[in-house]
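Trainee: Before we discuss packing, could you show me the model, and then take me through the terms we apply to it?

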Amino acid sequence: MIYFIMLLELLVIALFIYYVSGRLMGSKVNFTKRILSVLLGVSLTTFVYWYSYLRHTDFLNEGIGFAVADASAIIWIGSMLLISMLFYLFFELFDPMELGERGERITGRKFIVQRLRHRWRRQKRLSQVLEIAVRNGFSRTIRYARHRENNRDFAIAFRDTLEQSGGIFIKFGQVLSTRTELFSPVFIEELETLQQDVKPLTSEQVTAILKKSLAAGVEDVFSEFNMDPLAAGSIGQVHQAVLKSTQEKVVVKLLRPEVKGVMRNDLDILVEFAEWVTSKSTWAENIGFRELAIGFANGLREEINFEIETRNTIQVANALRKSDYPVKIPHIFQEYCNDNLIVMQYFKGKSISRGQAVFDHFAIDQKEFGRTVLFSFFEQMLFSGIFHADPHPGNIFIDEQDGKPILLDFGAVGRLAAQQQDGLNLFIIGVQQNDAEVICDAINVLVEDNSHIDRQKLEQSVGQLLLKIAYVDKIQTEELIHAMFDIVREFGLSFYPSVGMALRSLISLDGTLHTIDPKFDMFTEAKVFAKKYKTAVLKKPFKEPRETKQRVEEELALLIPELMKLPKRADQLIQRIEGGKMILHHDVFSDKHNANFILQLFSRFVLLFSGITFGLISAALLAIAQFINNAYAVYLNTAAYTGLFLCVILLVRLSIQAIRDMKRSNT
């Protein structure tokens, strides 16, 4: 019975500590960490209290004895409170969770045991990757090749490390092999040899994915479904089928079931591996190797969500609906699509990757076909702002019925804001006119931070570049864009990510156009596009008078009410000036966020000042008590230790809030 009463007393104390610690630490503290910190705090202090004091007393007959008059019990309870708060501070400090504006969790919602298990697996996998790197001599060659990016041994060690690490690392190497503006030919040559052996999904796996992804039964949706895949990749697999409702031929794209798990684990490890490489090599730091890995990881996370690819396909199709350039984009059957499945229109065609033979087979004019593809991409990039970011030959087909281009695979789509579209347009015009000043104007718009550009030196560098491509029959697109990346990097600048994606897409598109027609010149054809566009803009009001009239009416509807207010506003302004009432001021507190920030900062400063004051006064009282030998020394020591306790409580609260603020997301 006595043990039950003691346990009940301890439970009451724990609840008291839980409540008080939560109030002292502030709102929105995490429930799990709070419970765990109180349990540890109560357990630890109770053991110390028993071992140092209670076991020498007759506490079994007297109870725990936490009466207010008992000084040891007060110290014990105070220690519980302090230790519990310190444990919470420890958990908050070493918990990598991201918080939202209101203190809510954004990432890492798993229980702490699951997170520890996940972290252990990540560390084990990372150790395996680093072991592979060391075994291949990558860690040794990276030091030796610190400034020798053309070193063959370094490139081979890098390729072997990625290949033996498998999975995402191989795909990362394949993506890097397209970044010819960053890597030397030696690296590109080695990375291009990376091949991933992907086994097709079995019929049982395909059936299981369909049953899980479709709202209705497979037989209710498809009257026919070919289990033999048209294509199989590391992320998805494509099958041909026939819709039961309309008897239309469709293509069904399935997400491989293991992909999301592999992505979730290996993408973080890839970024950590990139950070390790960057820390070892100046060369890797200069090319932004870590940023490449992060960009790849973010892009791949979008690519494995088929809902994003579905939306991308629909957006590009809608943007090109009234285009003058007949490019076909598959219709998406949204009622059957989700994040694991895409059902789209089937086109019977041939890939242009076969080159001359496929054009001869269909008797198609290669130059005109290439011009249609190029003009469509210019329209996507420069006017709609949404463009296919991976225009390699495997993603462009010829329709067997009418010979028109078909664009496929919209997993990677870029988006350019209006200002960036204008900048890219300026860049193309500058190259056409061989005008360094226009190209510099374009760079000024296309880079992230243009505040420290030395305009004169930049124009000189661009001028030198234009001299290299002057007086030639054909401008080498790849060489030109790579040189632009070099100039931007040389001046400590960087393109917006979407702009970098657009420029790399132009390089890929140029290679595709050469597959279509080896004599195709992108920038020569760009002049034709510019001329056509200007003519179309001038003719549009006459060709589409109704749409022009409607547009003018919409603009006037917005403009006229504002114009009607101008006389009254001008009169009010003049009256204020005449009366001397015109005062210009900026009130920091007029903005709610600014006001909250200032008030929060002030309140924390008050708490910090109070804590330091308690600490200083308590230290002074302890020093004075050393020179007093009467009863007043007891009171001074009691007051001093109480002040120190309050000082620590306040500082712990401030530390917890500071850590949570650092984790708080700005989005």
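Mentor: Let us start with Val462, which, leaving aside its neighbours within four places in sequence, is in contact (heavy atoms within 4.5 Å) with Ala436, Ile439, Cys440, Ile443 and Ile487. This is a predicted model, in which local features need pLDDT of at least 70 and side-chain atom pairs count only at pLDDT 80 or more, while totals for chains, interfaces and linings use all residues. Residues are numbered from 1 along each chain as its sequence is written, and side-chain values use heavy atoms, with hydrogens and water left out.

Trainee: Which members of the largest nonpolar core touch the most other members?

Mentor: They are Phe378, Phe427, Val462 and Leu503, out of 67 residues; a nonpolar core is a set of buried (under 20% relative accessible area, 1.4 Å probe, protein chains only) Ala, Val, Leu, Ile, Met, Phe, Trp, Tyr and Cys residues joined through side-chain atoms within 4.5 Å. Apart from that core lies another, of 47 residues, including Phe154 and Val271.

Trainee: How many aromatic pairs are there?

Mentor: There are 7, counting rings of Phe, Tyr and Trp (its six-membered ring) whose centres lie within 6.5 Å.

Trainee: Why is the pair of Phe222 and Phe225 called tilted?

Mentor: Their planes stand at 55 degrees, with centres 5.5 Å apart, so the pair is tilted, given that planes under 30 degrees apart count as stacked, over 60 as edge-to-face and the rest as tilted.

Trainee: What makes the pair of Phe359 and Phe369 edge-to-face?

Mentor: Their planes are at 75 degrees and their centres 5.2 Å apart, so the pair is edge-to-face. Both Phe359 and Phe369 are buried.

Conventions:
Buried < 20%, exposed > 50% of the residue type's maximum accessible area, 1.4 Å probe, protein only.
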